[in-house]
Amino acid sequence: MTSVPPPDLIALEEFFADPLFANPSLSPDGTRIAYLAPHDGRRQVWVRGIADDHVGAVRVTGDTRRGITTYHWTDDPRWLLYQQDTEPFPPVPGTVLVAMNRRPLYFDVFRIDVATGETTLHHEQDDPTGNVLFDRDGAPAFHSALATDGTVEFSAIDPDGQRRLLHRMGDAEHPVGVHPQLVDGDGEGLLVGSFAGGDDLRLVRIDRATGEETVVAAVEGHDLDITGAMAPGVLPPVVYTSRATGEVLAARFVADRPHIEVIDPDFADVYAALAELSDGVLVTLSSDEAGRRWVATFMHDRAPGVAWLYDHTTGEARLLWRAYPDLDPAALAPMTPVGFRARDGLPLRGYLTLPVRVEPRSLPLVLLVHGGPWMHDSWGYSPDVQFLANRGYAVLQVNFRGSTGHGRHHLTAAIGEIGRAMHDDLIDAVDWAIAHGYADPDRVGIYGGSYGGYPALVGVTLTPDRFAAAVDYVGISDLANFLRTLPPFTRAYNVNGWYRYVGDPEIPEQEADMRARSPITMVDKIRTPLLVAQGANDVRVVRAESDNIVASLRERGVPVTYLVADDEGHGFGNPENRMRLNRAIERHFAEHLGGRH
């Protein structure tokens with residue numbers, strides 16, 4: 001019997017370079033498409049006619065810093081805006097509203113004339129933890145305020161400017177705040193994510209006049225996926241809205257494969273036609289003002305960033321591009337949903353990705369831990385996962401307790417359990433993979449970024465015999481120092497998160513408990529080869545979190561590789577730095593786990 005060799009090694013650049021095309025959107029009149037594409041190593045905005053290809057496109061930006069991630073058409077199709085650390089609001093004709101913190105603690109709202117750039121103050125915030133939500137005409141409609149106990153208070157703003165309290169919500173079930181907070185199309189309702197006493201996160205509407213709550217979208221056993229609200233323009237949106245009216249068309253829910261729940265009956269036929277174009281899941285969606293032409297992108301575990309143009313009047317559709325045209329889906333690995341129970345019986349969901357054309361037994365395994373921790377892994381294309389699978393590793397991702405998207409009980413089961421039961425969940429996942437024969441117990445690695453770097457360090461301090469190699473990427477090593485070095489204005493936003501789930505370093509007994517769960521306190525137990533990567537300008541997880549771990553290990557002669565990017569912050573955004581990091585990861589795991597390189 002002839003064995004089939006594994007796929008050729010795919011060049012690292014194919015996985016981690018910027019996509020050739022991304023984030024398409026139609027102009028309001030439906031005649032042009034804007035999108036992101038690289039130029040001189042940075043993402044730029046390009047515009048072309050709907051019948052043209054990239055050869056006929058015009059590059060309309062020249063950003064030389066970190067590249068562009070988010071941009072917006074204005075109501076006048078002559079003008080585009082791109083976003084750098086500001087928050088645009090729906091524009092009034094000829095202008096756009098932008099939130100900027102010219103006063104360090106306050107995000108005031110300014111009106112910018114698109115044609116001239118003239119900037120005038122539109123609304124001055126009176127509370128650094130408050131937020132005014134505007135209707136489509138730019139008029140204040142609602143106000144959200146964060147109380148010191150973490151409660152969010154939603155108020156209507158009446159025409160005379162007075163606020164009327166409508167609803168209070170919050171607590172540990174909202175560790176990163178209440179999301180989304182979206183004024184509906186007519187300005188008379190506020191759309192938010194709410195558990196409403198149950199276990200599933202639903203999309204609800206709070207009426208501006210009465211405060212009455214009504215459910216807009218709910219899927220039994222599944223949560224509204226709010227991750228897009230925390231990283232708009234980077235992650236898929238929570239809801240899809242009509243360009244013409246602002247009304248919600250559909251909402252995104254967490255499932256083994258993300259689920260799109262259609263809300264507007266008039267959109268059902270459009271969505272059905274779009275769904276026929278791909279066996280993936282809808283990511284971005286844009287239409288003209290008339291709702292005739294639509295541009296949609298789809299996520300897929302093996303075919304990333306496929307974009308289509310669809311004409312609902314004629315029923316015609318045309319493939320615009322594949323974001324990574326040189327990646328052969330047949331050479332990439334399926335991401336398979338898996339489930340198992342933690343040692344205390346809590347159900348856990350995750351994903352197992354096995355290398356292509358390799359017997360799935362006794363493989364080197366990388367446990368890839370998501371950040372947050374109030375985020376979640378989901379089905380779709382991951383360059384990290386596919387890169388590791390192509391190098392011969394089984395890749396295991398687990399939505400440990402505290403991950404979003406799996407119900408209120410699963411989320412709040414993490415209170416007080418960072419570095420405890422949350423770590424047990426990861427170890428239980430590895431034990432599951434070993435028990436099922438997928439993983440070689442002597443060749444298990446752990447890799448995580450941001451919060452995920454913390455369990456990577458915990459893994460090699462609390463359970464050093466389990467892991468043969470580890471990667472800590474902009475991770476936390478000292479819980480108390482991490483909270484103390486966050487910008488002061490963030491404290492109110494972390495009341496339901498870090499302070500509720502971990503503790504307050506200003507309370508001595510809680511600080512002692514945090515120290516006991518911090519890898520820096522247990523650094524003398526590390527003997528696992530470690531790779532540490534850090535952005536020198538990181539204000540979220542400061543450089544000292546990595547410096548201190550590395551210095552201690554070097555004093556003891558423990559193998560450690562340390563990468564510092566002087567031009568990066570919390571994560572490596574520039575392509576040259578991403579390549580440097582992943583080449584180091586490739587070498588590190590190949591040396592200690594035996595994968596291909």
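**View 1. The hairpin of S22 and S23 has five residues between its strands, and Gly-291 takes a positive phi near 70° there.** The model shown is predicted, so that local features need pLDDT of at least 70 and side-chain atom pairs count only at pLDDT 80 or more, while totals for chains, interfaces and linings use all residues. Residues are numbered from 1 along each chain as its sequence is written, and side-chain values use heavy atoms, with hydrogens and water left out. Strands, here and below, are DSSP runs (E, at least two residues), as helices are (H or I, at least four), numbered from the N terminus. Strand S22 (residues 281-287) pairs with S23 in the antiparallel sense over five bridges, where pairing requires that DSSP finds at least two bridges between two strands. Within this pairing, Ser-287 has Trp-294 of S23 as its bridge partner.

**View 2. Strand S23 (residues 293-299) is largely enclosed by the rest of the structure, because seven of its seven residues are buried.** Buried means under 20% relative accessible area, exposed over 50%, and partly exposed in between (1.4 Å probe, protein chains only). Arg-293, Val-295, Thr-297 and Met-299 point one way from S23, whereas Trp-294, Ala-296 and Phe-298 point the other way. In a regular strand the side chains alternate between the two faces of the sheet.

**View 3. Strand S24 (residues 306-311) is joined to S23 by six bridges, and the two run antiparallel.** Arg-293 stands opposite Asp-311 in S24. The hairpin of S23 and S24 has six residues between the strands, and in this hairpin Gly-305 takes a positive phi near 65°.

**View 4. The largest nonpolar core has 60 residues, and those with the most contacts inside it include Leu-365, Trp-498 and Leu-553.** Such a core is a set of buried Ala, Val, Leu, Ile, Met, Phe, Trp, Tyr and Cys residues joined through side-chain atoms within 4.5 Å. Helix H6 (residues 421-435) gives the largest share of this core, seven residues. Leaving aside residues up to four places away in sequence, Leu-553 touches Val-523, Ile-526, Leu-530, Val-558 and Val-560, a contact being heavy atoms within 4.5 Å. A second, separate core of 57 residues includes Ile-260, Val-306, Ala-323 and Met-579.

**View 5. Four strands form an open sheet in the order S1-S2-S3-S4, with antiparallel pairing.** Its edge strands, S1 (22-26) and S4 (58-59), each pair on one side only. Strand S3 (residues 42-49) pairs with S4 over two bridges, and Trp-46 stands opposite Arg-59 in S4.
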